Amino acid sequence: MFYTNVPDRSGVSRVVRFCYLGRLDFLGSPLNNLGMFPPLLFVLHFVAVRCSSEFMLDVVVDRYHIPKVCPREVQPEDFIRYHFNGTLNADGRTFDSSHDRGKAFISQVGMGRLLTGVDRGLMGMCVNERRKITVPPHLAFGSIGTGGIIPADAVLVYDVLLLDIWNKADKVEIRTLSKPKKCTRAAMASDFLRYHYNGTLLSGQAFDSSHKNATYDTYLGQGDVIEGMEQGLLGMCVTERRVIIIPPFLAYGENGHGRLVPPQATLIFDVLMVDVFNPKDELVVEVKEVPEGCARRTTVGDYIRYHYNGTFHDGTAFDSSYQRNSTYNTYVGMGYIIKGMDEALQGLCMGEKRRVVVPPHLAYGGDGVGELIPGSAVLVFDIHIIDFHNPDDLVDVKVTHKPQECDSVSEADDWLQYRYNCSLMDGTLLYSSDQFDSPSVTTLGAEQVIPGLEQGLIGMCVGETREVVVPPHWGHGENGAGDVPGSAVLFFQLELVELQKGVPKGFMFVWFGDGPDPLFPAMDLNGDREVPLQEFSAFIKLQVQQGNGRLRPGVQADDIIQDMFNSQDLNKDGKIVAYEVSLQSEEQPERDEL
């Protein structure tokens, strides 16, 4: 007996059983030329005739579609979920179909709950495999049939698509796809998790995905998710990726879930862990770099300037001060920023670098910030402290070199020539006197430089060097100037090159003691009772040469003398006479150089 597919009149292939009938014909055995008998000759004839159904002893399985990957085959006592079309082999008429009912069939194999022939035909089947199982009557409904639908001695054909396999002994299966080299924190019960997932059935059909919207956020170990997912998420690290396979009885069981998760469905979740934290978590601070010689650390009330990169726990960036090319500026410990960062900014040195991990309850909580920061997000800040100051800070002056001989020190009204480098506290050079062709000069008290620099220049000897730290309220303030950022602490390296003692503000010339009395006769060098510019210039230069007085430093002597002459020549006739000197003395005492 054998089986083969034979098309019927409509062209549909049917399984037909054939039997062999044979006849053996004897062809004789004549002597050959040697007088010996040759071998006997026989002819065997075969004729194939159609057999009746009782000649089919077992099921016939046609595996007409086998998936490339088959991690599991149906075994006795397994539960399966499958679709089928059941037809009569004789005429192809459908007698039952799970497709027509719109619901897959669920049963346990090897336990007598199915037709014996179907039970046998399903063994070894893979998910997504398609089979045609031809069942003889004695393994189906036999000579009785059933309900007027299946006639007696009917051969049945089941076209089966297997959708799911599970067993009561199954457990949650975890396959780790990727894991970070360093896992400082693994998810455990009572933690709050944020993760992305793709959910599919065992057949590969997708039923849900968080990637379409936001992460799925939940507490672990509190029954907020299905039991199998609770088990599968335990021990996951941030950025770890897992495949979690959950049997139905640890998922949605016999009820299923909504329209997309049918009853008794094995679920497969491809999970990417984004965040893990616990409501009891505290701020985590990792010191990356501390500069040498840290003489001062930030305290509450300080004003700080720092750069930062902000990322989520999985490394996704959400903000950066570097991209804006501007530091973030704020007061420390005054509640102007999130609580976690307010704490993390205390006790730092200028130039220090830290990594700060801020749990949501110390950041933006369950609400997040618009589309920028999702709710319940752990924030990671890599910060670099540029500078800080307190509104009560004074100018800090440090003498780095002082010559042994120092006859005179700089004071108000003195004229100075000096060299300098001006930098931010992180070492960024802003300006240098070496960048300019002309020397840097100033008159102390004339408000020609920022107040902090003037403070740093007071009391210096020629050849002395200093380092001066100028807080912004002694510098360029909140607005900054040129390349100087707002609220920047400035660092000056100073060297005094030349010092010329000065004269009081508003004066061009001062006497070291009492001047000549009476003054006009001393000015009238030739005794002609009038003093032109040339004679006046000679008189003033003589006083300076003899050490009796001093011209304002930093201005050309002839220009000063011309200005002094113009001030004394009241009638502007080009000469000074005695009454003009006395009138000048009486009417403008605030400008009485002579």
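## Salt bridges

A salt bridge here means a side-chain nitrogen of Lys or Arg within 4 Å of a carboxyl oxygen of Asp or Glu. The side chains of D91 and R93 meet in such a contact, with 3.8 Å from N to O. This is a predicted model, in which local features need pLDDT of at least 70 and side-chain atom pairs count only at pLDDT 80 or more, while totals for chains, interfaces and linings use all residues. Residues are numbered from 1 along each chain as its sequence is written, and side-chain values use heavy atoms, with hydrogens and water left out. For accessibility, buried stands for under 20% relative accessible area, exposed for over 50%, and partly exposed for what lies in between (1.4 Å probe, protein chains only). By that scale D91 is partly exposed at 44% relative accessibility, and R93 is partly exposed too, at 39%.

The structure holds 31 salt bridges. One of them joins R81 to D164, where the closest N and O atoms are 3.3 Å apart. R81 sits in strand 5 (residues 79-88) and D164 in strand 9 (residues 156-166), so this pair ties together parts that are 83 residues apart in sequence. Helices (H or I, at least four residues) and strands (E, at least two) are DSSP runs, numbered from the N terminus. Both R81 and D164 are buried.

E411 and K501 form another salt bridge, with 2.9 Å between the closest N and O atoms. The pair links distant parts of the chain, 90 residues apart: E411 is in the loop between strand 22 and strand 23, and K501 is in the loop between strand 27 (490-500) and strand 28. E411 is partly exposed, with a relative accessible area of 43%, and K501 is partly exposed at 22%. Salt bridges that share partners also join R63, E129 and R131 into one network.

## The chain as a whole

Let us step back to the overall numbers. The chain has 10 helices and 31 strands, and buried residues make up 44% of its 594 residues. Its accessible surface, from the Shrake-Rupley method with a 1.4 Å probe and, for residues, only the protein chains shown as cover, comes to about 31700 Å². Carbon and sulfur atoms account for 50% of that surface.

A contact means heavy atoms within 4.5 Å. Among contacts in the chain with a separation of 6 or more, 67% are between residues 24 or more positions apart. For a local example, take S433, in the loop between strand 24 (429-432) and strand 25 (440-443). S433 is buried, with a relative accessible area of 8%. Leaving aside residues up to four places away in sequence, S433 touches Y418, R419, Y420 and S440.

## Aromatic pairs

A pair of aromatic rings is described by the distance of the centres and the angle of the planes. Rings of Phe, Tyr and Trp (its six-membered ring) pair if their centres lie within 6.5 Å; planes under 30 degrees apart count as stacked, over 60 as edge-to-face and the rest as tilted. A search of the whole structure finds 26 aromatic pairs. In one of them, the ring centres of Y308 and Y328 are 6.2 Å apart and the planes meet at 80 degrees, so the pair is edge-to-face.

Y308 belongs to strand 17 (residues 303-312) and Y328 to strand 19 (residues 328-331), so the pair ties together parts 20 residues apart in sequence. Y308 is buried, with a relative accessible area of 7%, whereas Y328 is partly exposed at 29%. Ring pairs link Y306, Y308, F312, F318, Y328 and F381 into a cluster.

## Helix 9

The buried residues of helix 9 are I560, I561, M564, F565, S567 and Q568. They cover an arc of only 160 degrees around the axis, which puts them on the same side of helix 9; the arc is that of the directions from the helix axis to the C-beta atoms.

## Backbone details

Most residues other than glycine have a negative phi, and most peptide bonds are trans. The peptide bond from D517 to P518 is cis, with omega near 5 degrees, and P518 is in the loop between strand 28 (509-511) and helix 7 (519-523).

N325 has a positive phi of about 55 degrees although it is not a glycine. N325 lies in the loop between helix 4 (321-324) and strand 19, and counts as exposed at 70% relative accessibility. D413, also not a glycine, has a positive phi of about 80 degrees and is in the loop between strand 22 (396-401) and strand 23 (415-424).
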